[in-house]
Amino acid sequence: STEAFKKGGNNDLSEGLPMDRSCTDVFCIPVFAAFQGVFLIATLLGMQDGDPTKLYKPRDYRGSYCGVEENWNDGPNTLETPALGFTMNLSAMVEPTMKQTVCSSMARAVLTEGQLGIPPVLTTREDREDYLCSCCMI
């Protein structure tokens with residue numbers, strides 16, 4: 001395979017690139033120009049109704065943009081807060097799902113009545129009543 005570029009041969013590159021080169025992808029130039037034009041039009045249309053600063057502004061744990069007056073879904077006005085330092089509120093994210101799970105009919109059966117020959121987890125009447133009251137079942 002090194003024979004193809006042998007010195008003095010047809011593909012000899014020992015003196016650098018050949019000087020008789022030409023553009024081989026002329027048909028790509030109009031396609032590229034058209035693409036750039038469409039991209040420019042889409043950018044200008046997006047900037048009419050949008051806020052281009054949202055492309056680089058930081059966000060808080062709820063997805064609201066920092067330092068922006070109007071956030072999506074009627075979010076808070078964070079214009080006076082250029083950067084927020086919140087961590088994810090785990091309770092707000094997990095608590096509703098856990099309440100649904102713990103207060104489900106299956107959990108009630110396992111905790112108060114027992115299932116598949118396994119005795120109930122809540123053995124005292126007081127524990128069962130506390131559980132049922134917490135889940136608004138009594």
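## Two helices side by side

At what angle do helix H3 and helix H4 pack, and how far apart are their axes? In this predicted model, H3 covers residues 105-113 and H4 covers residues 125-134. The two pack at an angle of about 165 degrees. Their axes are 10 Å apart. Angles over 145 degrees count as roughly antiparallel, and H3 and H4 are therefore roughly antiparallel to each other. Their crossing is left-handed.

Which residues make the contact? From H3 come Ala 107, Arg 108, Leu 111 and Thr 112. From H4 come Arg 128, Tyr 131 and Leu 132. Sorted by class, this contact of H3 with H4 has four nonpolar residues, two charged residues and one polar residue.

## What H3 hides

Three residues of H3 are buried: Ala 107, Ala 109 and Thr 112. Ala 107 and Thr 112 also belong to the contact with H4. The cover over the buried residues of H3 includes H2 and H4. Just after H3 comes Gly 114. This glycine takes a positive phi of about 90 degrees.

Helix H1 runs over residues 28-49.

H1 is hardly covered. Among its 22 residues, the count of buried ones is zero. Ile 29 lies in this helix. Ile 29 has a relative accessible area of 54%, so it is exposed.

## Before H1

Leu 13 is found in the segment before H1. Is Leu 13 buried, exposed or partly exposed? Its relative accessible area is 45%, so Leu 13 is partly exposed. Leaving aside neighbours within four places in sequence, Leu 13 is in contact with Phe 5 and Pro 18.

## The loop between H1 and H2

A loop lies between H1 and helix H2, residues 90-102. Thr 78 has its place there. Is Thr 78 buried or exposed? Buried means under 20% relative accessible area, and Thr 78, at 4% relative accessibility, therefore counts as buried. Not counting residues up to four places away in sequence, Thr 78 touches Tyr 65, Cys 66, Gly 67, Val 68 and Asn 71. Thr 78 and Val 102 are 24 residues apart in sequence. In space, their C-alpha atoms are 36 Å apart.

Asp 74 also sits in the loop between H1 and H2. Asp 74 is exposed, because its relative accessible area is 78%.

## Positive phi values

Most residues other than glycine have a negative phi. Which phi does Asp 74 have? Its phi is positive, about 55 degrees, although Asp 74 is not a glycine.

Cys 136 has a positive phi too, near 55 degrees, and is a residue other than glycine. Where does Cys 136 lie? Its place is in the segment after H4. With a relative accessible area of 69%, Cys 136 is exposed.

Conventions:
Residues numbered from 1 in each chain as written. Predicted model: local features only at pLDDT ≥ 70, side-chain atom pairs only at ≥ 80, totals over all residues. Heavy atoms only, no water. Axes fitted to C-alpha atoms, helices over the stretch in contact; angles between N-to-C directions. Helix = DSSP H or I, 4+ residues; strand = E, 2+ residues; numbered from the N terminus. Parallel < 35°, antiparallel > 145°, perpendicular 65-115°, else oblique. Left-handed = near helix turned anticlockwise from the far one by under 90°. Contact = heavy atoms within 4.5 Å. Nonpolar A, V, L, I, M, F, W, Y, C, P; charged D, E, K, R; others polar. Buried < 20%, exposed > 50% of the residue type's maximum accessible area, 1.4 Å probe, protein only.
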